[in-house]
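Terms are given their cut-offs at first use.

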Amino acid sequence: MAYSRIRSRGSLIRGTNGLSNGIVPWLKTLDSSVAAVNQGGRRKGACCVYLETWHADIDEFLELRENTGDEARRTYNLNIANWVPDLFMQRVENDWQWSLFDPKKVPHLVDLYGADFERAYVEAEEAGLYERQVPARHLYSKMMRTLAQTGNGWMTFKDTSNLRCNQTGADGRVVHLSNLCTEILEVTSADETAVCNLGSVNVGRLVRDGGFDFERLGEVVRAAVRYLDRVIDINFYPTGEAQNSNTAWRPVGLGLMGLQDVFFKLRLPFDSDEARELSRRISEEIYYWALSTSADLAAEHGPHPNFAETRAAAGKLQMDLWGVGVTDEARWDALRERIAAGGLRNSLLIAIAPTATIASIAGCYECIEPQVSNLFKRETLSGEFLQINHYLVRDLQERGLWTGGMLESLKRSQGSLAEITGIPDELKLLYRTAWELPQRALIDLAADRGAFIDQSQSLNLFLETPTIGKLSSMYAYAWRKGLKTTYYLRSRPATRINQATLSNGNGAAAVTCSLENPETCEACD
(Lines give C-alpha, C1' and ligand atoms only; values in the text may rest on other atoms or scores of the structure.)
Protein backbone atom coordinates (compact mmCIF):
# COMPACT_ATOMS: atom_id res chain seq x y z
CA MET A 1 0.00 0.00 0.00
CA ALA A 2 1.20 3.52 -0.85
CA TYR A 3 0.60 6.06 1.91
CA SER A 4 2.24 9.08 0.29
CA ARG A 5 -1.10 10.84 -0.30
CA ILE A 6 -2.04 10.83 3.41
CA ARG A 7 -1.41 14.25 4.90
CA SER A 8 1.28 14.63 7.48
CA ARG A 9 1.16 15.26 11.21
CA GLY A 10 0.14 18.81 12.05
CA SER A 11 -1.64 19.41 8.75
CA LEU A 12 -4.63 21.76 9.12
CA ILE A 13 -8.06 20.12 8.94
CA ARG A 14 -10.22 22.96 7.65
CA GLY A 15 -13.56 21.43 8.62
CA THR A 16 -12.74 21.38 12.34
CA ASN A 17 -9.80 23.79 12.47
CA GLY A 18 -7.89 20.91 14.08
CA LEU A 19 -4.60 19.31 13.16
CA SER A 20 -4.02 15.93 11.54
CA ASN A 21 -2.36 13.13 13.49
CA GLY A 22 -0.45 12.08 10.37
CA ILE A 23 0.04 8.61 8.94
CA VAL A 24 1.11 6.69 12.05
CA PRO A 25 -2.32 6.22 13.69
CA TRP A 26 -3.69 4.94 10.40
CA LEU A 27 -0.77 2.55 10.07
CA LYS A 28 -1.37 1.36 13.63
CA THR A 29 -4.90 0.41 12.59
CA LEU A 30 -3.57 -1.37 9.52
CA ASP A 31 -1.03 -3.16 11.70
CA SER A 32 -3.82 -4.58 13.86
CA SER A 33 -5.72 -5.72 10.78
CA VAL A 34 -2.68 -7.56 9.45
CA ALA A 35 -2.25 -9.31 12.80
CA ALA A 36 -5.92 -10.35 12.80
CA VAL A 37 -5.84 -11.89 9.31
CA ASN A 38 -3.65 -14.94 9.92
CA GLN A 39 -5.46 -17.84 8.22
CA GLY A 40 -6.58 -19.19 11.57
CA GLY A 41 -3.09 -19.15 13.00
CA ARG A 42 -1.61 -21.08 10.07
CA ARG A 43 0.18 -18.19 8.41
CA LYS A 44 0.79 -14.61 9.44
CA GLY A 45 -0.81 -11.78 7.58
CA ALA A 46 1.57 -9.51 5.68
CA CYS A 47 1.58 -6.01 4.27
CA CYS A 48 4.17 -3.55 3.02
CA VAL A 49 3.68 0.22 3.19
CA TYR A 50 5.51 2.54 0.80
CA LEU A 51 6.24 6.20 1.51
CA GLU A 52 7.93 8.80 -0.66
CA THR A 53 11.06 10.32 0.82
CA TRP A 54 9.72 13.91 0.74
CA HIS A 55 6.75 13.15 3.05
CA ALA A 56 6.94 15.17 6.26
CA ASP A 57 6.22 12.08 8.40
CA ILE A 58 9.25 10.22 7.06
CA ASP A 59 11.08 10.26 10.40
CA GLU A 60 8.20 8.64 12.27
CA PHE A 61 7.73 6.22 9.38
CA LEU A 62 11.33 5.03 9.72
CA GLU A 63 10.80 4.39 13.44
CA LEU A 64 7.74 2.16 13.02
CA ARG A 65 9.61 -1.12 13.63
CA GLU A 66 12.09 0.03 16.25
CA ASN A 67 12.18 -1.92 19.51
CA THR A 68 12.31 1.20 21.65
CA GLY A 69 10.08 4.25 22.03
CA ASP A 70 6.33 4.72 22.19
CA GLU A 71 4.60 1.38 21.54
CA ALA A 72 1.53 3.27 20.31
CA ARG A 73 3.65 4.45 17.38
CA ARG A 74 5.18 1.08 16.47
CA THR A 75 3.85 -1.39 13.87
CA TYR A 76 5.66 -4.71 14.12
CA ASN A 77 3.34 -6.53 11.72
CA LEU A 78 3.99 -4.15 8.83
CA ASN A 79 6.91 -4.05 6.44
CA ILE A 80 8.02 -0.61 5.28
CA ALA A 81 9.68 0.58 2.10
CA ASN A 82 11.12 3.90 0.94
CA TRP A 83 9.92 5.11 -2.49
CA VAL A 84 13.00 7.17 -3.31
CA PRO A 85 13.27 9.77 -6.12
CA ASP A 86 16.58 10.32 -7.91
CA LEU A 87 16.64 13.94 -6.75
CA PHE A 88 17.04 12.79 -3.15
CA MET A 89 19.98 10.53 -4.00
CA GLN A 90 21.60 13.35 -5.95
CA ARG A 91 21.30 15.66 -2.98
CA VAL A 92 22.78 12.98 -0.75
CA GLU A 93 25.78 12.82 -3.08
CA ASN A 94 26.11 16.62 -3.06
CA ASP A 95 25.44 16.97 0.69
CA TRP A 96 22.55 19.39 0.07
CA GLN A 97 19.38 20.15 1.98
CA TRP A 98 16.20 18.13 1.49
CA SER A 99 12.73 19.58 1.91
CA LEU A 100 9.86 17.69 3.52
CA PHE A 101 6.26 18.42 2.49
CA ASP A 102 2.70 17.85 3.61
CA PRO A 103 0.99 16.04 0.69
CA LYS A 104 -2.10 18.19 1.21
CA LYS A 105 -0.08 21.17 -0.03
CA VAL A 106 1.66 19.34 -2.90
CA PRO A 107 -0.70 16.52 -3.95
CA HIS A 108 0.67 16.54 -7.50
CA LEU A 109 4.11 15.24 -6.44
CA VAL A 110 2.70 11.74 -5.91
CA ASP A 111 1.82 11.42 -9.60
CA LEU A 112 5.06 12.79 -11.06
CA TYR A 113 8.43 11.20 -11.76
CA GLY A 114 11.68 11.99 -13.53
CA ALA A 115 12.21 15.53 -14.81
CA ASP A 116 8.56 16.46 -14.17
CA PHE A 117 8.88 15.53 -10.50
CA GLU A 118 12.17 17.39 -10.09
CA ARG A 119 10.73 20.54 -11.66
CA ALA A 120 7.59 20.45 -9.49
CA TYR A 121 9.57 19.66 -6.33
CA VAL A 122 11.96 22.58 -6.83
CA GLU A 123 9.05 24.93 -7.61
CA ALA A 124 7.30 23.90 -4.37
CA GLU A 125 10.58 24.38 -2.52
CA GLU A 126 11.11 27.85 -3.94
CA ALA A 127 7.52 28.75 -3.04
CA GLY A 128 8.28 27.84 0.58
CA LEU A 129 5.62 25.14 0.77
CA TYR A 130 7.80 22.75 2.75
CA GLU A 131 7.21 21.92 6.40
CA ARG A 132 10.89 21.77 7.22
CA GLN A 133 14.30 21.09 5.70
CA VAL A 134 16.92 18.56 6.75
CA PRO A 135 20.38 17.64 5.47
CA ALA A 136 19.82 14.93 2.84
CA ARG A 137 22.69 12.88 4.24
CA HIS A 138 21.18 13.01 7.72
CA LEU A 139 17.92 11.50 6.45
CA TYR A 140 19.79 8.96 4.32
CA SER A 141 21.80 7.88 7.36
CA LYS A 142 18.57 7.37 9.30
CA MET A 143 17.24 5.22 6.45
CA MET A 144 20.41 3.13 6.60
CA ARG A 145 20.17 2.85 10.38
CA THR A 146 16.60 1.55 10.06
CA LEU A 147 17.80 -1.08 7.58
CA ALA A 148 20.66 -2.12 9.85
CA GLN A 149 18.45 -2.41 12.94
CA THR A 150 15.34 -4.00 11.43
CA GLY A 151 16.20 -5.29 7.93
CA ASN A 152 13.19 -3.20 6.85
CA GLY A 153 12.84 0.19 5.21
CA TRP A 154 13.60 -1.31 1.82
CA MET A 155 15.20 0.97 -0.76
CA THR A 156 13.08 1.17 -3.91
CA PHE A 157 13.71 3.80 -6.56
CA LYS A 158 10.74 5.72 -7.90
CA ASP A 159 12.19 7.30 -11.04
CA THR A 160 13.99 4.25 -12.39
CA SER A 161 10.91 2.13 -11.73
CA ASN A 162 8.75 4.51 -13.76
CA LEU A 163 11.14 5.45 -16.54
CA ARG A 164 11.81 1.78 -17.31
CA CYS A 165 8.27 0.50 -16.97
CA ASN A 166 6.50 -0.55 -20.15
CA GLN A 167 3.15 0.60 -18.75
CA THR A 168 4.19 4.25 -18.28
CA GLY A 169 4.40 5.05 -21.97
CA ALA A 170 1.37 7.37 -21.83
CA ASP A 171 0.88 10.53 -19.78
CA GLY A 172 -0.88 9.98 -16.48
CA ARG A 173 0.23 6.38 -16.07
CA VAL A 174 2.33 6.14 -12.90
CA VAL A 175 3.85 3.38 -10.79
CA HIS A 176 3.27 4.45 -7.18
CA LEU A 177 4.78 1.47 -5.33
CA SER A 178 6.02 -2.07 -5.59
CA ASN A 179 4.50 -5.10 -3.87
CA LEU A 180 5.25 -6.99 -0.67
CA CYS A 181 8.43 -8.55 -2.07
CA THR A 182 9.57 -5.65 -4.32
CA GLU A 183 9.46 -7.52 -7.65
CA ILE A 184 6.21 -6.13 -9.08
CA LEU A 185 6.08 -2.69 -10.72
CA GLU A 186 2.74 -1.79 -12.27
CA VAL A 187 0.70 1.36 -12.69
CA THR A 188 -2.08 2.03 -10.19
CA SER A 189 -4.91 4.54 -10.02
CA ALA A 190 -8.29 4.97 -8.38
CA ASP A 191 -9.76 2.70 -11.05
CA GLU A 192 -6.96 0.15 -11.27
CA THR A 193 -5.52 -2.04 -8.52
CA ALA A 194 -2.40 -3.74 -9.85
CA VAL A 195 -2.43 -7.53 -10.07
CA CYS A 196 0.29 -9.87 -11.23
CA ASN A 197 0.29 -13.52 -12.18
CA LEU A 198 3.53 -15.19 -11.16
CA GLY A 199 5.50 -18.27 -12.05
CA SER A 200 9.15 -19.36 -11.93
CA VAL A 201 11.36 -21.53 -14.11
CA ASN A 202 13.65 -23.93 -12.25
CA VAL A 203 16.83 -23.25 -14.22
CA GLY A 204 18.70 -25.70 -12.02
CA ARG A 205 17.07 -28.52 -14.00
CA LEU A 206 18.42 -27.19 -17.30
CA VAL A 207 22.11 -28.02 -16.83
CA ARG A 208 22.90 -30.95 -19.08
CA ASP A 209 26.11 -32.55 -20.31
CA GLY A 210 28.28 -29.91 -18.65
CA GLY A 211 26.45 -26.95 -20.15
CA PHE A 212 23.24 -24.97 -19.93
CA ASP A 213 20.40 -26.09 -22.23
CA PHE A 214 19.13 -22.82 -23.72
CA GLU A 215 16.95 -24.64 -26.24
CA ARG A 216 15.01 -26.38 -23.47
CA LEU A 217 14.79 -23.07 -21.58
CA GLY A 218 13.00 -21.57 -24.58
CA GLU A 219 10.51 -24.45 -24.63
CA VAL A 220 9.75 -24.10 -20.93
CA VAL A 221 9.30 -20.32 -21.14
CA ARG A 222 6.94 -20.60 -24.10
CA ALA A 223 4.75 -23.05 -22.20
CA ALA A 224 4.86 -21.05 -18.95
CA VAL A 225 3.85 -17.75 -20.57
CA ARG A 226 0.83 -19.37 -22.22
CA TYR A 227 -0.28 -20.85 -18.90
CA LEU A 228 0.19 -17.57 -17.02
CA ASP A 229 -1.68 -15.65 -19.70
CA ARG A 230 -4.58 -18.07 -19.44
CA VAL A 231 -4.78 -17.47 -15.67
CA ILE A 232 -5.81 -13.88 -16.41
CA ASP A 233 -8.98 -15.07 -18.13
CA ILE A 234 -10.06 -17.74 -15.64
CA ASN A 235 -9.01 -16.08 -12.39
CA PHE A 236 -11.28 -14.83 -9.60
CA TYR A 237 -11.06 -11.09 -8.94
CA PRO A 238 -12.05 -9.83 -5.48
CA THR A 239 -12.65 -6.25 -6.70
CA GLY A 240 -13.69 -4.56 -9.91
CA GLU A 241 -10.55 -2.41 -9.80
CA ALA A 242 -8.37 -5.51 -9.79
CA GLN A 243 -10.23 -6.97 -12.75
CA ASN A 244 -10.04 -3.67 -14.63
CA SER A 245 -6.28 -3.57 -14.25
CA ASN A 246 -5.60 -7.19 -15.10
CA THR A 247 -7.79 -7.33 -18.18
CA ALA A 248 -6.52 -4.02 -19.57
CA TRP A 249 -2.82 -4.72 -19.06
CA ARG A 250 -2.70 -8.55 -18.86
CA PRO A 251 0.62 -8.53 -16.93
CA VAL A 252 2.48 -11.69 -15.99
CA GLY A 253 5.64 -12.15 -13.97
CA LEU A 254 7.77 -15.07 -15.05
CA GLY A 255 10.85 -15.47 -12.88
CA LEU A 256 13.47 -18.07 -12.16
CA MET A 257 14.79 -20.12 -9.29
CA GLY A 258 17.71 -22.47 -8.85
CA LEU A 259 20.39 -20.08 -10.14
CA GLN A 260 22.73 -21.22 -7.36
CA ASP A 261 22.14 -24.83 -8.51
CA VAL A 262 23.27 -23.87 -12.00
CA PHE A 263 26.50 -22.39 -10.67
CA PHE A 264 27.19 -25.38 -8.45
CA LYS A 265 26.60 -27.85 -11.27
CA LEU A 266 28.84 -25.92 -13.65
CA ARG A 267 31.49 -25.34 -10.95
CA LEU A 268 31.20 -21.56 -11.18
CA PRO A 269 31.85 -19.37 -8.13
CA PHE A 270 28.86 -17.07 -7.64
CA ASP A 271 30.88 -13.90 -8.26
CA SER A 272 32.94 -15.16 -11.20
CA ASP A 273 32.86 -13.44 -14.60
CA GLU A 274 31.57 -16.68 -16.16
CA ALA A 275 28.67 -16.83 -13.69
CA ARG A 276 27.82 -13.20 -14.32
CA GLU A 277 27.73 -13.69 -18.09
CA LEU A 278 25.67 -16.88 -17.81
CA SER A 279 23.16 -15.17 -15.50
CA ARG A 280 22.79 -12.31 -17.99
CA ARG A 281 22.36 -14.71 -20.92
CA ILE A 282 19.70 -16.75 -19.08
CA SER A 283 17.76 -13.57 -18.35
CA GLU A 284 18.03 -12.43 -21.95
CA GLU A 285 16.73 -15.76 -23.24
CA ILE A 286 13.80 -15.78 -20.80
CA TYR A 287 12.84 -12.24 -21.84
CA TYR A 288 13.19 -13.02 -25.55
CA TRP A 289 11.03 -16.13 -25.48
CA ALA A 290 8.47 -14.50 -23.20
CA LEU A 291 8.11 -11.59 -25.64
CA SER A 292 8.02 -13.97 -28.59
CA THR A 293 5.24 -16.02 -27.00
CA SER A 294 3.28 -12.89 -26.10
CA ALA A 295 3.56 -11.75 -29.72
CA ASP A 296 2.23 -15.17 -30.80
CA LEU A 297 -0.69 -14.83 -28.38
CA ALA A 298 -1.40 -11.34 -29.71
CA ALA A 299 -1.56 -12.76 -33.25
CA GLU A 300 -4.01 -15.40 -32.05
CA HIS A 301 -6.22 -13.37 -29.70
CA GLY A 302 -5.27 -9.73 -30.22
CA PRO A 303 -2.97 -7.47 -28.17
CA HIS A 304 -3.92 -6.34 -24.68
CA PRO A 305 -6.29 -3.34 -24.74
CA ASN A 306 -3.69 -0.82 -23.57
CA PHE A 307 -0.91 -1.87 -25.93
CA ALA A 308 -0.94 1.46 -27.79
CA GLU A 309 -0.09 3.26 -24.53
CA THR A 310 3.03 1.21 -23.80
CA ARG A 311 6.69 1.88 -24.50
CA ALA A 312 6.84 -1.36 -26.52
CA ALA A 313 4.32 0.14 -28.95
CA ALA A 314 6.85 2.93 -29.52
CA GLY A 315 9.56 0.34 -30.21
CA LYS A 316 11.23 0.47 -26.80
CA LEU A 317 11.88 -2.87 -25.11
CA GLN A 318 13.45 -3.21 -21.65
CA MET A 319 17.10 -3.38 -22.74
CA ASP A 320 16.55 -0.28 -24.90
CA LEU A 321 15.44 1.60 -21.80
CA TRP A 322 18.67 0.48 -20.10
CA GLY A 323 20.83 1.21 -23.16
CA VAL A 324 22.14 -2.36 -23.22
CA GLY A 325 22.98 -4.48 -26.26
CA VAL A 326 21.80 -8.02 -27.00
CA THR A 327 23.48 -11.25 -28.03
CA ASP A 328 21.89 -11.70 -31.47
CA GLU A 329 20.72 -8.42 -33.03
CA ALA A 330 19.13 -10.07 -36.08
CA ARG A 331 16.91 -12.28 -33.94
CA TRP A 332 15.77 -9.33 -31.83
CA ASP A 333 15.15 -7.16 -34.91
CA ALA A 334 12.84 -9.82 -36.32
CA LEU A 335 10.97 -9.93 -33.01
CA ARG A 336 10.64 -6.15 -32.97
CA GLU A 337 9.02 -6.29 -36.40
CA ARG A 338 6.51 -8.86 -35.18
CA ILE A 339 5.68 -6.73 -32.14
CA ALA A 340 5.29 -3.61 -34.27
CA ALA A 341 2.93 -5.46 -36.62
CA GLY A 342 0.76 -7.35 -34.14
CA GLY A 343 1.48 -6.03 -30.66
CA LEU A 344 1.86 -7.97 -27.42
CA ARG A 345 -0.74 -9.91 -25.46
CA ASN A 346 0.88 -8.88 -22.16
CA SER A 347 2.15 -5.48 -21.04
CA LEU A 348 4.65 -7.01 -18.60
CA LEU A 349 6.27 -10.43 -18.64
CA ILE A 350 9.23 -10.79 -16.27
CA ALA A 351 9.47 -10.53 -12.47
CA ILE A 352 11.77 -12.48 -10.18
CA ALA A 353 9.89 -13.24 -6.98
CA PRO A 354 11.10 -14.97 -3.82
CA THR A 355 10.47 -18.70 -4.17
CA ALA A 356 10.96 -19.95 -0.63
CA THR A 357 8.21 -22.55 -0.57
CA ILE A 358 8.16 -23.68 -4.19
CA ALA A 359 11.95 -23.93 -4.31
CA SER A 360 11.83 -26.14 -1.23
CA ILE A 361 9.23 -28.33 -2.93
CA ALA A 362 11.26 -28.45 -6.16
CA GLY A 363 14.49 -29.17 -4.28
CA CYS A 364 16.46 -26.18 -5.55
CA TYR A 365 17.88 -22.95 -4.18
CA GLU A 366 15.44 -20.07 -4.19
CA CYS A 367 15.25 -17.55 -7.03
CA ILE A 368 18.53 -15.67 -7.68
CA GLU A 369 19.86 -16.08 -4.13
CA PRO A 370 23.30 -17.38 -3.24
CA GLN A 371 23.17 -20.06 -0.59
CA VAL A 372 22.89 -18.70 2.95
CA SER A 373 24.62 -21.67 4.54
CA ASN A 374 25.94 -25.10 3.66
CA LEU A 375 24.04 -26.46 6.65
CA PHE A 376 20.84 -25.16 8.16
CA LYS A 377 17.65 -26.10 9.92
CA ARG A 378 14.34 -25.70 8.11
CA GLU A 379 11.23 -25.25 10.23
CA THR A 380 7.85 -26.16 8.74
CA LEU A 381 4.40 -26.95 10.06
CA SER A 382 5.42 -30.62 9.86
CA GLY A 383 8.50 -30.23 12.05
CA GLU A 384 12.19 -29.35 11.91
CA PHE A 385 14.62 -30.67 9.33
CA LEU A 386 18.38 -30.38 9.08
CA GLN A 387 19.37 -29.63 5.48
CA ILE A 388 22.87 -29.98 4.07
CA ASN A 389 24.25 -28.77 0.74
CA HIS A 390 24.16 -32.04 -1.21
CA TYR A 391 26.53 -30.68 -3.87
CA LEU A 392 29.13 -30.12 -1.16
CA VAL A 393 28.48 -33.55 0.37
CA ARG A 394 29.05 -35.21 -3.00
CA ASP A 395 32.33 -33.36 -3.53
CA LEU A 396 33.56 -34.22 -0.04
CA GLN A 397 32.57 -37.87 -0.47
CA GLU A 398 34.54 -38.08 -3.72
CA ARG A 399 37.60 -36.82 -1.84
CA GLY A 400 37.05 -39.06 1.19
CA LEU A 401 36.43 -36.03 3.42
CA TRP A 402 32.79 -36.57 4.39
CA THR A 403 33.10 -37.87 7.94
CA GLY A 404 31.37 -37.39 11.26
CA GLY A 405 34.13 -35.01 12.26
CA MET A 406 33.55 -32.93 9.12
CA LEU A 407 29.85 -32.65 9.93
CA GLU A 408 30.67 -31.49 13.46
CA SER A 409 33.09 -28.90 12.07
CA LEU A 410 30.47 -27.68 9.63
CA LYS A 411 27.98 -27.21 12.46
CA ARG A 412 30.47 -25.29 14.58
CA SER A 413 31.35 -22.98 11.69
CA GLN A 414 27.70 -22.07 11.07
CA GLY A 415 27.74 -23.76 7.68
CA SER A 416 30.86 -22.02 6.37
CA LEU A 417 33.92 -23.78 4.96
CA ALA A 418 36.28 -20.83 5.36
CA GLU A 419 37.90 -21.90 8.64
CA ILE A 420 37.71 -25.69 8.23
CA THR A 421 41.11 -27.24 7.62
CA GLY A 422 41.61 -29.97 5.07
CA ILE A 423 39.08 -28.71 2.52
CA PRO A 424 40.62 -27.76 -0.87
CA ASP A 425 40.63 -24.07 -1.73
CA GLU A 426 38.60 -24.58 -4.90
CA LEU A 427 35.76 -26.01 -2.81
CA LYS A 428 35.98 -23.17 -0.32
CA LEU A 429 35.71 -20.72 -3.23
CA LEU A 430 32.78 -22.52 -4.86
CA TYR A 431 30.78 -23.09 -1.68
CA ARG A 432 31.03 -19.65 -0.10
CA THR A 433 27.84 -18.45 1.53
CA ALA A 434 25.99 -15.19 0.97
CA TRP A 435 27.82 -13.73 3.97
CA GLU A 436 31.20 -14.40 2.37
CA LEU A 437 30.41 -13.02 -1.09
CA PRO A 438 31.14 -9.39 -2.00
CA GLN A 439 27.79 -7.63 -2.15
CA ARG A 440 28.98 -5.59 -5.12
CA ALA A 441 28.89 -8.85 -7.08
CA LEU A 442 25.25 -9.46 -6.16
CA ILE A 443 24.36 -5.92 -7.25
CA ASP A 444 26.31 -6.31 -10.52
CA LEU A 445 24.55 -9.59 -11.26
CA ALA A 446 21.19 -7.93 -10.57
CA ALA A 447 22.00 -4.96 -12.80
CA ASP A 448 23.12 -7.22 -15.66
CA ARG A 449 19.93 -9.25 -15.58
CA GLY A 450 17.83 -6.15 -14.88
CA ALA A 451 18.12 -5.05 -18.50
CA PHE A 452 15.92 -8.03 -19.38
CA ILE A 453 13.41 -7.75 -16.50
CA ASP A 454 10.50 -5.47 -17.35
CA GLN A 455 9.23 -5.51 -13.77
CA SER A 456 11.85 -6.07 -11.03
CA GLN A 457 13.54 -8.65 -8.82
CA SER A 458 13.49 -9.42 -5.11
CA LEU A 459 17.11 -8.71 -4.27
CA ASN A 460 18.25 -9.41 -0.72
CA LEU A 461 21.63 -8.06 0.37
CA PHE A 462 23.75 -9.58 3.13
CA LEU A 463 26.09 -7.95 5.64
CA GLU A 464 27.35 -9.85 8.64
CA THR A 465 28.04 -6.67 10.60
CA PRO A 466 26.26 -3.76 8.89
CA THR A 467 27.47 -0.23 9.49
CA ILE A 468 26.06 3.06 8.26
CA GLY A 469 29.12 3.55 6.07
CA LYS A 470 28.89 0.15 4.42
CA LEU A 471 25.18 0.47 3.83
CA SER A 472 25.43 4.01 2.48
CA SER A 473 27.96 2.94 -0.11
CA MET A 474 26.12 -0.27 -0.98
CA TYR A 475 22.71 1.26 -1.66
CA ALA A 476 24.17 4.28 -3.44
CA TYR A 477 25.99 1.81 -5.70
CA ALA A 478 22.74 -0.08 -6.32
CA TRP A 479 21.05 3.19 -7.30
CA ARG A 480 23.88 4.19 -9.64
CA LYS A 481 23.78 0.76 -11.29
CA GLY A 482 20.14 1.36 -12.17
CA LEU A 483 18.41 -1.13 -9.88
CA LYS A 484 14.70 -0.49 -9.52
CA THR A 485 14.18 -2.12 -6.14
CA THR A 486 15.95 -3.94 -3.32
CA TYR A 487 14.45 -6.20 -0.67
CA TYR A 488 15.62 -7.22 2.83
CA LEU A 489 18.96 -6.36 4.31
CA ARG A 490 20.05 -9.60 6.01
CA SER A 491 22.41 -9.36 8.96
CA ARG A 492 24.27 -12.31 10.41
CA PRO A 493 22.94 -12.45 14.00
CA ALA A 494 19.50 -13.44 12.66
CA THR A 495 20.77 -16.59 10.95
CA ARG A 496 22.39 -18.80 13.56
CA ILE A 497 21.57 -22.48 13.08
CA ASN A 498 20.78 -24.88 15.89
CA GLN A 499 23.93 -26.39 17.42
CA ALA A 500 22.15 -28.40 20.11
CA THR A 501 23.36 -31.69 18.60
CA LEU A 502 27.05 -30.85 18.79
CA SER A 503 29.01 -33.57 20.57
CA ASN A 504 30.99 -31.08 22.65
CA GLY A 505 27.80 -29.87 24.36
CA ASN A 506 28.21 -26.26 23.36
CA GLY A 507 24.59 -25.95 22.29
CA ALA A 508 22.86 -22.78 21.21
CA ALA A 509 19.16 -21.97 21.02
CA ALA A 510 17.67 -22.12 17.55
CA VAL A 511 16.93 -18.76 15.98
CA THR A 512 14.51 -18.66 13.10
CA CYS A 513 15.41 -16.87 9.90
CA SER A 514 13.08 -16.17 7.02
CA LEU A 515 15.69 -17.26 4.52
CA GLU A 516 16.96 -20.40 6.22
CA ASN A 517 13.48 -21.27 7.51
CA PRO A 518 11.24 -19.66 4.91
CA GLU A 519 8.02 -21.10 6.24
CA THR A 520 8.34 -18.70 9.18
CA CYS A 521 8.93 -15.69 6.93
CA GLU A 522 6.64 -12.80 7.75
CA ALA A 523 6.59 -11.55 4.17
CA CYS A 524 7.25 -14.12 1.47
CA ASP A 525 6.32 -17.59 2.69
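A pocket is an open set of points, on a 1 Å grid over the protein atoms alone, with protein on both sides within 12 Å along at least five of seven lines, and a cavity is a set of points where a 1.4 Å probe fits but cannot get out; lining residues have an atom within 4 Å of a point. Grid points are joined across faces, edges and corners, and a volume is the space filled by probe spheres set on the points.

The model is predicted: local features need pLDDT of at least 70 and side-chain atom pairs count only at pLDDT 80 or more, while totals for chains, interfaces and linings use all residues. Residues are numbered from 1 along each chain as its sequence is written, and side-chain values use heavy atoms, with hydrogens and water left out.

**Pocket and cavities**

The largest pocket has a volume of about 1200 Å³. Its lining is made up of 50 residues, and M1, S178, N179, L180 and A194 lie nearest its centre. Helices and strands here are DSSP runs (H or I, at least four residues, for helices; E, at least two, for strands), numbered from the N terminus. Two or more lining residues of the largest pocket come from each of α1 (24-36), β3 (48-52) and α13 (356-362). The largest share, 3 residues, is that of α13.

The structure also holds 6 cavities of 30 Å³ or more. The largest cavity has 14 lining residues, and N166, Y287, A312, S347 and D454 are the closest to its centre. The elements giving two or more residues to this lining are α10 and α11. The second largest cavity is lined by residues including W322, A446, G450, I453 and K484.

The table gives volumes and lining classes; Ala, Val, Leu, Ile, Met, Phe, Trp, Tyr, Cys and Pro count as nonpolar, Asp, Glu, Lys and Arg as charged, and the others, Gly among them, as polar.

| Void | Volume | Lining residues by class |
|---|---|---|
| Largest cavity | about 80 Å³ | 7 nonpolar, 4 polar, 3 charged |
| Second largest cavity | about 60 Å³ | 5 nonpolar, 5 polar, 1 charged |

Helix α17 (residues 439-450) has 12 residues and reaches 16 Å from its first C-alpha to its last, close to the 16 Å expected at 1.5 Å a residue; the expected span is 1.5 Å times one less than the number of residues. Buried means under 20% relative accessible area, exposed over 50%, and partly exposed in between (1.4 Å probe, protein chains only). Because 11 of its 12 residues are buried, α17 is largely enclosed by the rest of the structure. Among the buried residues are A446, R449 and G450. Their cover includes α9 (259-265), α10 (273-301), α11 (318-322), β14 (461-463) and α18 (468-480), contact meaning heavy atoms within 4.5 Å.

S283 is found in helix α10 and is buried, with a relative accessible area of 5%. Leaving out residues up to four places away in sequence, S283 touches R449 and F452.

**Cysteines**

A disulfide is a pair of cysteine sulfur atoms within 2.5 Å, and a search of the whole structure finds 0. The cysteine sulfur closest to that of C47 is in C48, 7.0 Å away, too far for a bond. C47 counts as buried at 10% relative accessibility, and C367 is buried with a relative accessible area of 2%.
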